[in-house]
Amino acid sequence: MNETLVQALGFVALGLNLFASFTTNDNRMRAVICLSCLTFSIHYTLLGAVVAGLNLLINSFRALVSLKYKGLKVFYLFLAVQIAMSVYFYSEPRDVLPAIASIISCYALFIAEGMRMRIAFLICTLTWMVNAVLVGSYGGLLNDMFNATMLSITIFRLKKQQKIQIQTN
C-alpha cells in the first residue's frame, strides 16, 4: 500500500484519539478510543508491525470490556491473550514493546485507580512512543506525545491536589 496513505491512516487515528480526549461523555470516549485503536491497528499492521497491530486490535476490544468489568479475573484473561498472541507472532526485538505497553495498559484499565492508573498509562504511552519511532509511525508518535503531555499534566495536578489535601488535614 502507498506509504502516504498508510501514514494518513495514522493521522486519522490520531484525530479520533484527540476527539476522544475532548468528549465529556465517558461511554462515547471509550467508543471513540476503540475506533482509534482499531485504526491504529490497521496502520501499524500496514507498516509491518504485526504484533503492534494485533495488540491494538485486542486493546480496542479491551477498552469496551473495561466499561463493565474490572478486577483480576478480567486482567488475567486479557493478559493471557495478549502474551500468547505476542509470543506466537513475535518476529523481531521491537515486537516486545507493544506487548509490554499492552500489559501495562491492561493493568491500568482493570486493576489500578487514580494516580497509579495514570502513571501506568504514562509508562505505557512512553513505550508506545518508542515503538512509533522504531516503526516509523508519524501519527502514532504525535498521538503518544499528546497522550504523554496530557497524562503528565494530570499527574502533576493530582499531586498538587494531594499536597493541598494533606496540608488542610
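Predicted model: local features only at pLDDT ≥ 70, side-chain atom pairs only at ≥ 80, totals over all residues.
**Exercise 1.** Work out whether helices α1 and α7 run roughly parallel or roughly antiparallel.

Solution. 
- Take helix α1, residues 3–22, and helix α7, residues 138–168; their axes come within 7 Å of each other and cross at roughly 20 degrees.
- Angles under 35 degrees count as roughly parallel, so α1 is roughly parallel to α7.

**Exercise 2.** List the residues through which α1 and α7 meet, and sort them by class.

Solution. 
- From α1 come Q7, G10, F11, L14, N17, L18, S21 and F22; α7 supplies Y138, G139, L142, N143, F146 and N147.
- Sorted by class, this contact has 7 nonpolar residues, 7 polar residues and no charged ones.

**Exercise 3.** Decide whether N17 is buried or exposed, and find what its side chain touches.

Solution. 
- Locate N17 in helix α1.
- Its relative accessible area is 11%; the limit for buried is under 20%, so N17 is buried.
- Setting aside neighbours within four places in sequence, N17 is in contact with S36, N143, F146 and N147.
- With one of these, N143, there is a polar contact between side chains, at 2.6 Å.

**Exercise 4.** Compare the span of helix α5 with the expected one, then describe how far α5 is covered and by what.

Solution. 
- Helix α5, residues 96–110, has 15 residues; from first C-alpha to last it reaches 21 Å, close to the expected 21 Å.
- Of its 15 residues, 11 are buried, and α5 is mostly covered.
- Among the buried residues are L97, P98, I104, C106 and F110.
- The buried residues of α5 pack against α2, α3, α4 and α6.

How values were computed: Residues numbered from 1 in each chain as written. Heavy atoms only, no water. Axes fitted to C-alpha atoms, helices over the stretch in contact; angles between N-to-C directions. Helix = DSSP H or I, 4+ residues; strand = E, 2+ residues; numbered from the N terminus. Parallel < 35°, antiparallel > 145°, perpendicular 65-115°, else oblique. Contact = heavy atoms within 4.5 Å. Nonpolar A, V, L, I, M, F, W, Y, C, P; charged D, E, K, R; others polar. Buried < 20%, exposed > 50% of the residue type's maximum accessible area, 1.4 Å probe, protein only. Polar contact = N/O pair within 3.5 Å; in protein donor to acceptor, adjacent residues only side chain to side chain. Expected span 1.5 Å × (residues − 1).
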